[in-house]
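Subject: Structure handover

Hi,

Here is the structure I promised you. Please open it first, then read my notes below.

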Amino acid sequence: MGISEKDLESLLICMNAKRRTAQKGEPLFVAGDRPEHVGIVLKGGVHVVQEDYWGKRTILAVVQVGGMFGEAFSAAEAAVMPVSVLAYSDCEVLLIDCRKMLTTCSSSCLFHARLTRNLMKVVANKNIALTQKIGHITKKSVRDRVLSYLSECALSEGNNSFSIPFNRQELADYLSVERSALSNTLGKMQAEGIIEFTKNKFTLV
């Protein structure tokens, strides 16, 4: 935002930016790596996931085209990444050296300052998204968690019909519930006429 196309090439050189492609399921960042880069999704999308000691996976965030990942841990100069970033579809990302992003270059270019402001806006929006997720998973029942999440999706889309960026297992991981319990709850809600769904497409009745 606020960076013209003619400045973009200079910006990418200044940031030591490089493109990387990944197939569905392939990791872009792995927990335990040293965080040094900020990623921007150009095509497809990624999941930010965390696994506990026993391998139970929780999806912390979904990052789609235009979204950013890795900025918090890189900017904080964390010793290691506590999360992994996995492609949930074939994707292409732009990796930027975080140190270059946060340090003013010798030419004091205006687009560099705009990039830093944009980074702050992304971080703020992610804090909002995390607050929303906490709102979902603090509900006591699986049903209430599902209703909370689907309600947010409908309000965000401005439509009672929408698609979500998860399959069943991924939605269960995001809401921190068992897949069997989630499937059972969705089936009951559809039978009661509260929702209609086919795969990842939902309608709130």
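Accessible areas here come from the Shrake-Rupley method with a 1.4 Å probe. On that basis, the protein chain exposes about 11,800 Å². Carbon and sulfur atoms supply 53% of that area. Please keep in mind that this is a predicted model.

**Overall**

The protein chain has 205 residues, and 36% of them count as buried. Its secondary structure comes to seven helices and 11 strands. Take the contacts with a separation of 6 or more: residues 24 or more positions apart account for 70% of them.

Four strands form it, in the order 1-8-3-6, and the pairing is antiparallel. Strand 1 (18–22) and strand 6 are the edge strands, as each pairs on one side only. Strands of a sheet pair through backbone hydrogen bonds, either parallel or antiparallel. Strand 3 (residues 37–43) is joined to strand 6 by two bridges. There, Gly39 has Phe69 of strand 6 as its bridge partner.

Next, look at strand 7 (84–87). Which strands does strand 7 pair with? One is strand 2 (residues 27–29), which runs antiparallel to strand 7 and is joined to it by two bridges. Pro27 has Leu86 as its bridge partner in strand 7. Another is strand 4, paired with strand 7 in the antiparallel sense over four bridges. Here Val48 stands opposite Val85 of strand 7.

Are the faces of strand 7 covered or open? Both are covered. Ser84 and Leu86 are buried on one side, and Val85 and Ala87 are buried on the other. In a regular strand the side chains alternate between the two faces of the sheet.

**The largest pocket**

The largest pocket has a volume of about 1,200 Å³. Its lining is made up of 39 residues. Which of them lie nearest the centre of the pocket? They are Ala61, Val62, Val63, Lys126 and Ala129.

Several elements each supply at least two residues of the lining:

- Strands: strand 4 (45–51), strand 5 (57–64), strand 6 (68–69) and strand 9 (161–163).
- Helices: helix 2 (71–75), helix 4 (110–137) and helix 5 (142–157).

Helix 4 gives the largest share, nine residues. By residue type, the lining divides into 24 nonpolar, 10 polar and five charged.

Two of these elements also came up above. Strand 4 contributes to the lining, and strand 4 pairs with strand 7.

- Is Glu77 buried or exposed? Glu77 has a relative accessible area of 65%, and exposed means over 50%, so Glu77 is exposed.
- With a relative accessible area of 34%, Ser176 falls between the 20% and 50% limits, so Ser176 is partly exposed.

Best wishes

Definitions and conventions:
Residues are numbered from 1 along each chain as its sequence is written. This is a predicted model: local features need pLDDT of at least 70, side-chain atom pairs count only at pLDDT 80 or more; totals for chains, interfaces and linings use all residues. Side-chain values use heavy atoms; hydrogens and water are left out. On a 1 Å grid over the protein atoms alone, a cavity is a set of points where a 1.4 Å probe fits but cannot get out, and a pocket is an open set with protein on both sides within 12 Å along at least five of seven lines; lining residues have an atom within 4 Å of a point. Grid points are joined across faces, edges and corners, and a volume is the space filled by probe spheres set on the points. Ala, Val, Leu, Ile, Met, Phe, Trp, Tyr, Cys and Pro count as nonpolar, Asp, Glu, Lys and Arg as charged, and the others, Gly among them, as polar. Buried means under 20% relative accessible area, exposed over 50%, partly exposed in between (1.4 Å probe, protein chains only). Contact means heavy atoms within 4.5 Å. Two strands pair if DSSP finds at least two bridges between them.
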